[in-house]
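Colleague: Before we use this model, I would like to go through how its labels were assigned. Please set each value against its rule.

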Amino acid sequence: MIGSQDLSHKISKVSHVMSKPGPTHYRRALHILRYLKQTVDLGIRYGGAEVVQKNVLTAFCDADYAGCVDSRKSTSGYVFHLNGGPVSWLSKLQSTVALSTTEAEYVAVAACACDAVFLRGLLEDYTIGQGEPTLIWEDNHGCLQLTKDEVFHSRTKHIAIRHHKIRELVRDGEVAVQYCRTEEMVADILTKPLPKGPFERLRARLLGYA
């Protein structure tokens with residue numbers, strides 16, 4: 001579906017109750033259908049004049065914290081852009097319960113980094129090699145420190161080893177994680193419901209219109 005990134009979070013939430021939906025879930029599904037009807041002409045834009053670097057893969061990564069009221073699990077969200085438009089994205093409940101906002105963000109950025117490696121290889125096959133590390137924008141300072149700090153302490157030693165793969169990718173120059181202000185975090189749209197104004201502003205950036 002063209003432009004389905006802006007619906008990823010809502011569809012993910014509704015799909016959790018496909019076996020036993022109730023009236024509330026039915027209303028949410030109708031809301032999604034109304035949104036689709038109102039945005040039928042909305043699509044993805046590539047190659048706008050504001051694109052500074054051609055054929056350079058970048059990503060925005062975010063996570064909510066304990067957003068699922070049933071399991072208290074967090075939601076990971078990230079989107080990869082190439083030439084101004086999205087080429088890959090994810091909005092998914094994390095498999096484990098995070099004990100802090102930093103941990104939730106770290107789990108999300110680790111998954112994002114692994115996808116970056118796959119996409120870099122795919123682009124290499126299409127002769128669009130990435131000479132520099134793939135830049136991942138992240139809005140949590142604690143998470144940024146964890147991607148570089150190899151010291152295990154009482155607040156991080158419980159995090160599963162597989163999530164620390166990102167440190168190796170940063171060290172090897174595959175990815176680079178930099179800070180992004182929360183107000184500019186495009187992936188925020190993939191992790192939680194937003195007010196209409198911020199939603200439409202981030203949607204424009206997500207789809208390559210701003």
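**Cysteines and spaces**

Modeller: With a relative accessibility of 0%, C61 is classed as buried, since buried means under 20% relative accessible area, exposed over 50% and partly exposed in between (1.4 Å probe, protein chains only). This is a predicted model, in which local features need pLDDT of at least 70 and side-chain atom pairs count only at pLDDT 80 or more, while totals for chains, interfaces and linings use all residues. Residues are numbered from 1 along each chain as its sequence is written, and side-chain values use heavy atoms, with hydrogens and water left out.

Colleague: Why is C114 called partly exposed?

Modeller: Because its relative accessibility is 37%.

Colleague: What makes a space a cavity and not a pocket?

Modeller: On a 1 Å grid over the protein atoms alone, a cavity is a set of points where a 1.4 Å probe fits but cannot get out; a pocket is an open set with protein on both sides within 12 Å along at least five of seven lines. Lining residues have an atom within 4 Å of a point. Grid points are joined across faces, edges and corners, and a volume is the space filled by probe spheres set on the points.

Colleague: Which residues line the largest cavity?

Modeller: H9, S12, K13, H16, T75, S91, K92 and L93. Two or more of the lining residues come from each of α1 (8–15) and β3 (85–93).

Colleague: How much space lies in the largest pocket, and which residues are nearest its centre?

Modeller: About 630 Å³. Its lining has 24 residues, with Q53, V56, T58, H81 and G84 nearest the centre. β4 gives the most to this lining, three residues.

Colleague: And what of the second largest pocket?

Modeller: The second largest pocket has about 500 Å³ of space. Among its 18 lining residues, H9, K13, V14, H16 and R28 are closest to the centre.

Methods: Helices (H or I, at least four residues) and strands (E, at least two) are DSSP runs, numbered from the N terminus.
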